[in-house]
Amino acid sequence: MNWLTDPAHWTGADGVPQRLFEHLGYTAVSLLIAVVIGFPLGALVGHTGRGGLVVVGLTNGLRALPSLAVVILLVLFAGLGDAPVIAALVLLAVPPIMAGTYAGIRAVDPVTVDAARGVGMRERNVLFGVEIPNAMPLVLGGFRSATLQVIATATIAAFVGSGGLGRYVFDGLALQEYDQMLAGAVLVALLAVVVDLLLVGLQRLIVSPGLRSAGTTGRRRKAVAALETGGKQ
Amino acid sequence: MNWLLQNSDKFWAYTEVHLALALIPVVAGLVIAIPLGWLASRSRSARAVLLALSNILYTIPSIALIVIAPAVLGTRILDGVNVIVPLTIYTVALLVRGIADALAAVPGHVVAAANAMGFRPLRRFLTVEFPLAVPVIIAGLRVATVSNISLVSVGALVGISGYGQLFTEGFQSNFPTKIWIGLIATLVLALLADALLLLLGRFLTPWVRVGR
């Protein structure tokens, strides 16, 4: 662990702050794009109930898809650089976000939705005022899953030359410096754990207090179980 | 396709290693998760600790655990054990919660009936409580097996064999065919393993269908 305590590794273009910044940059950009694509699609499918099988199938298929192959194929077709890597990250992040939103809206008690229609809410208000707020725990669950997927895959993407903390793993491997590889791996592990904890905190802040105890109803528990076992890289 | 025909020996060698690295952790994970799940179903504090630990370990990306493994285990970087141990950890993390919940959900009157028939705790666990948890275990095993089969390829990044080698070689020689072959082979293996586990689950729990 001497590598991490050496001040020389904490400054400059290949210092830890810079690599962390790059890693977070890839993660933020690809998650933003994935949310813009996945959230409306998931909400639409959840609200109308059409296309649910496709969403579930996509998410299950993703579990079997090796992300290394996705990254390499995109880079071979589109060339080296950040854009193909981000495209691969977006591709892997959309299904969990879409599935979380879809499952969240499907898990809302039909009686609640019915009551909203009964008091005269328009479809738009039913979706934005009732379904989406009630779906938030699962929406954020899908987002957490996508975030971990992206942090892990961004590390792997250093194999095809992108930046981020994965650089230490592959530069260390090329130079046969296990110290550097280990430091990179530890930093990636810490990043994933810390970001996940922050997202759990965010979940507490965003989700309506009225929903906290509701997390145990049968419908919701089933949906949560299906989601927590989402893609793993 | 030509590549596959000319290199079928190599392909089968990769398949063999890939399957071993993916499936040994499934078996090892199951063996470890059953007693841990039992413990978590018995004690509130054990449950809290085990589930928190599972969540944290499952959060860590596989590439990180694979690289950290030699430092902890004292193995060489190229040793397959460096893939087996992280995947076993993920499998345990996936299974423990389900097993604990399933064992805790066995109805009290069922346990009482077994006790009244004179079953000792071990026999009661093996013949009453555990079989009732089988559907949950099979569901967890299906997820773990499919994701393990996909994750083994990450090991290729540090030089460990398996289909992942087709990805890294395909990249280095700019030959996408190899990558497609590896990708499709991974999906086929995952699909087959998933179907086999589904059938195994049906075979082991005939009462589930009768009860419907």
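**Exercise 1.** How many residues of chain B are in contact with how many residues of chain A?

*Solution.* Keep in mind that this is a predicted model. Step one: count each side. Chain B gives 35 residues, and they are in contact with 31 residues of chain A. Step two: find the elements on the chain B side. Those with two or more residues there are helices 3 (44-59), 4 (62-73), 5 (81-104), 7 (121-151), 8 (164-172) and 9 (176-204) of chain B. Step three: pick out the largest share. Helix 9 of chain B supplies seven residues. Step four: sort by type. The chain B side holds 25 nonpolar and 10 polar residues, with no charged ones.

**Exercise 2.** Work out how helix 8 (residues 166-174) and helix 9 (residues 178-206) of chain A are arranged.

*Solution.* Start with the axes. They come within 7 Å and cross at roughly 160°. Angles over 145 degrees count as roughly antiparallel. Helix 8 and helix 9 of chain A are therefore roughly antiparallel to each other. Their crossing is left-handed. Next, the contact residues. Helix 8 of chain A contributes residues including Tyr168(A), Val169(A) and Leu173(A), while helix 9 of chain A contributes Met181(A) and Val188(A), among them. By type, the contact has eight nonpolar residues, four polar and one charged.

**Exercise 3.** Is Leu140(A) buried or exposed?

*Solution.* First, locate Leu140(A): helix 7 (residues 123-156) of chain A. Then count around it. The cut-off for buried is 20 or more other C-beta atoms within 10 Å. Leu140(A) has 21, so it is buried. Now look further along the sequence. Leu199(A) is 59 residues from Leu140(A), yet their C-alpha atoms are 8.1 Å apart. Beyond neighbours within four places in sequence, Leu140(A) is in contact with Gln203(A) and Ile206(A).

Conventions:
Residues numbered from 1 in each chain as written. Chains lettered and ligands numbered in written order. Predicted model: local features only at pLDDT ≥ 70, side-chain atom pairs only at ≥ 80, totals over all residues. Axes fitted to C-alpha atoms, helices over the stretch in contact; angles between N-to-C directions. Helix = DSSP H or I, 4+ residues; strand = E, 2+ residues; numbered from the N terminus. Parallel < 35°, antiparallel > 145°, perpendicular 65-115°, else oblique. Left-handed = near helix turned anticlockwise from the far one by under 90°. Contact = placed C-beta atoms within 7 Å. Nonpolar A, V, L, I, M, F, W, Y, C, P; charged D, E, K, R; others polar. Buried ≥ 20, exposed ≤ 12 C-beta atoms within 10 Å, placed from the backbone.
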